[in-house]
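Thanks for coming, everyone. Please have a look at the structure before I start talking.

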Amino acid sequence: MTAIHILLLIGIYFLLLLSISYFTGKNDSNIDFFKAGKSSPWYLVAFGMVGASLSGVTFISVPGWVASSEFSYMQVVFGYLAGYLVIAYVLLPIYYELNVTSIYEYLERRFGKTSYKVGAISFFVSRVLGASFRLFLVAIVLQQFVFDDLGVRFELTVILSILLIWIYTFRGGIKTIVWTDTLQTTFMLLSVGLSIYFINQQLDWNISEFLASEELKEYNKMIFFDDFFGKNHFIKSFLGGMFITICMTGLDQDMMQKNLTCKSLKDAQKNVVSLSVVLVVVNFVFLLLGALLFIYADRFGISTPLMNGEAKSDLLFPQIALKSDLGIVVAITFMLGLIAAAYSSADSALTSLTTSFCVDFLGIEKKPEERQKKIRKSTHVGMSFLLVLVVIAFKHILDTNVIDGLLQVATYTYGPLLGLFTFGIFTKHQLKDRYVWIVALVVVLIIYLIASMPPKILGGYQIGYELLPINGLLTFLGLWLIRDRKVEPKNT
């Protein structure tokens with residue numbers, strides 16, 4: 001598949017998204033941009049969120065995970081399942097009762113303006129970095145397999161990618177995304193299914209033979225209880241996955257904004273519970289694909305692609321899909337899946353960043369009505385430029401598997417949110433609100449110091465994703481120290 005063919009495919013796919021945007025963005029209002037008129041069918045939101053939850057990171061980086069960590073990622077995924085139950089039955093009732101546009105409005109009503117701003121800033125930093133991780137992964141694939149052949153620089157690749165996303169989201173916002181996510185999830189899952197089918201054909205296997213093969217057994221160890229000091233121990237991974245989901249979905253404006261477009265709390269809960277079950281199955285399929293890719297590469301002598309002189313397991317899937325002898329069908333479906341994964345996560349991130357900045361920082365709902373739409377559109381442009389700059393910066397500083405890097409960032413940036421929401425929900429205390437930012441900053445610095453400790457100082461213990469609940473716990477304890485015993489909590 002040549003670079004020109006891939007560009008044509010991207011162009012056709014973009015026209016599909018633009019068509020959806022045209023019909024969903026006819027009512028160019030802020031209420032549709034931010035909340036989709038609170039009229040989205042729950043099953044549509046649930047299916048679309050599969051693609052948004054997986055994104056390009058899962059599409060490429062989870063298969064690449066298999067080489068070094070086998071199927072240990074499933075331990076994190078089982079933790080996701082527990083986290084979604086907390087979201088459905090603890091967090092969603094609060095958001096629907098308060099009828100918020102930004103979920104961080106809860107913190108203002110519960111504690112005050114400083115807590116509100118700390119929560120909003122934590123999300124903003126988290127989402128900028130998270131969205132940039134996802135966009136970076138897709139951009140390097142497009143660069144290595146498409147734009148390098150055309151002599152296009154990486155920076156221009158990033159600009160073009162985000163420009164396309166801006167074009168089809170600037171009118172309809174979240175209302176458009178609910179529908180485009182459905183299309184993108186379909187292409188992503190179709191791509192994975194067809195890739196597994198055709199790779200098995202090349203290996204002269206059917207699915208049952210692959211699942212029973214000795215080669216798969218080299219990769220499919222899923223549960224690790226043998227070394228508690230190791231990073232992949234089940235308890236550490238499970239708890240880390242649970243809190244990552246609570247934070248990166250339940251306390252994240254990007255993901256919750258879609259849930260809040262459902263007609264009722266009951267519909268939103270159906271969405272979250274059904275999504276949690278589907279994601280367990282889909283992530284397992286991605287890991288099967290990862291094992292299959294490495295088996296195929298070993299069988300046919302395909303080496304892991306290099307980036308900046310180092311082997312990059314994230315690039316093995318595109319290398320096999322686009323450069324091997326699997327045929328045009330696999331190449332086309334891979335590119336459709338990759339493009340779908342890229343746009344599915346990036347478009348909602350851009351919209352949620354616009355929403356959060358407008359509501360949480362600019363107070364758009366308090367501005368004159370005739371200025372509100374102009375403010376929203378200007379902010380949308382500004383967020384696009386910000387993502388471009390951060391993605392380009394990642395090319396020069398990122399040296400890890402992308403999904404691992406994404407989860408590591410979450411352990412720092414979501415800790416203040418976890419501590420604040422936990423303190424607000426499970427205690428009746430009010431805070432000395434003006435000191436909240438100090439607690440958040442000090443705890444992040446402590447977490448950085450803990451994460452920087454070499455394992456030998458901790459007796460060989462390797463710190464993993466349990467750093468996120470530790471961050472939340474330390475934030476909670478810090479908030480306890482600045483509680484105001486004389487003031488009754490505000491009504492929520």
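This is a predicted model: local features need pLDDT of at least 70, side-chain atom pairs count only at pLDDT 80 or more; totals for chains, interfaces and linings use all residues.

Let's start with the helix pairs. Two packed helices are described by the angle between their axes and the distance between the axes. Take H6, residues 113–147, and H19, residues 436–452. Their axes come within 8 Å. They cross at roughly 30°.

Which residues of H6 and H19 meet? On the H6 side we have Thr 114, Ser 115 and Val 118. On the H19 side we have Val 436, Trp 437 and Ala 440. By class, four residues of this contact are nonpolar and two are polar. None is charged.

Now stay on H19 and turn to H20, residues 467–481. Here the packing angle is about 145°, and the axes are 9 Å apart. The crossing of H19 with H20 is right-handed.

H19 brings Val 436, Val 439, Val 443, Ile 446, Ile 447, Ile 450 and Ala 451 to this contact. From H20 come Leu 467, Ile 470, Asn 471, Leu 474, Thr 475, Gly 478 and Leu 479. Sorted by class, the contact of H19 with H20 has eleven nonpolar residues, three polar ones and no charged ones. Note Val 436: this residue of H19 meets H6, and Val 436 also takes part in the contact with H20.

On to the core. How many residues does the largest nonpolar core have? It has 147. Tyr 95, Met 335 and Phe 421 have the most contacts inside it. Among the elements, H6 gives the most to this core, with 19 residues.

Let's look at Phe 421 itself. Leaving out residues up to four places away in sequence, Phe 421 touches Leu 91, Tyr 95, Ile 103, Tyr 104, Tyr 106, Leu 107 and Leu 251.

Thr 157 is in helix H7, residues 154–169. Is Thr 157 buried or exposed? Buried, because its relative accessible area is 1%, and the cut-off is under 20%. Beyond four places away in sequence, Thr 157 touches Ala 139, Leu 142, Gln 143, Phe 147 and Val 152.

The other one is Glu 108, in helix H5, residues 105–110. Glu 108 has 23% relative accessibility, so this residue counts as partly exposed. Glu 108 and Asp 360 are 252 residues apart along the chain. Their C-alpha atoms are separated by 10.0 Å.

Key. Residues are numbered from 1 along each chain as its sequence is written. Side-chain values use heavy atoms; hydrogens and water are left out. Axes are lines fitted to C-alpha atoms, for helices over the stretch in contact, and angles run from 0 to 180 degrees between N-to-C directions. Helices (H or I, at least four residues) and strands (E, at least two) are DSSP runs, numbered from the N terminus. Contact means heavy atoms within 4.5 Å. Ala, Val, Leu, Ile, Met, Phe, Trp, Tyr, Cys and Pro count as nonpolar, Asp, Glu, Lys and Arg as charged, and the others, Gly among them, as polar. A crossing is left-handed if the near helix is turned anticlockwise from the far one by less than a right angle, and right-handed if clockwise. Buried means under 20% relative accessible area, exposed over 50%, partly exposed in between (1.4 Å probe, protein chains only). A nonpolar core is a set of buried Ala, Val, Leu, Ile, Met, Phe, Trp, Tyr and Cys residues joined through side-chain atoms within 4.5 Å.
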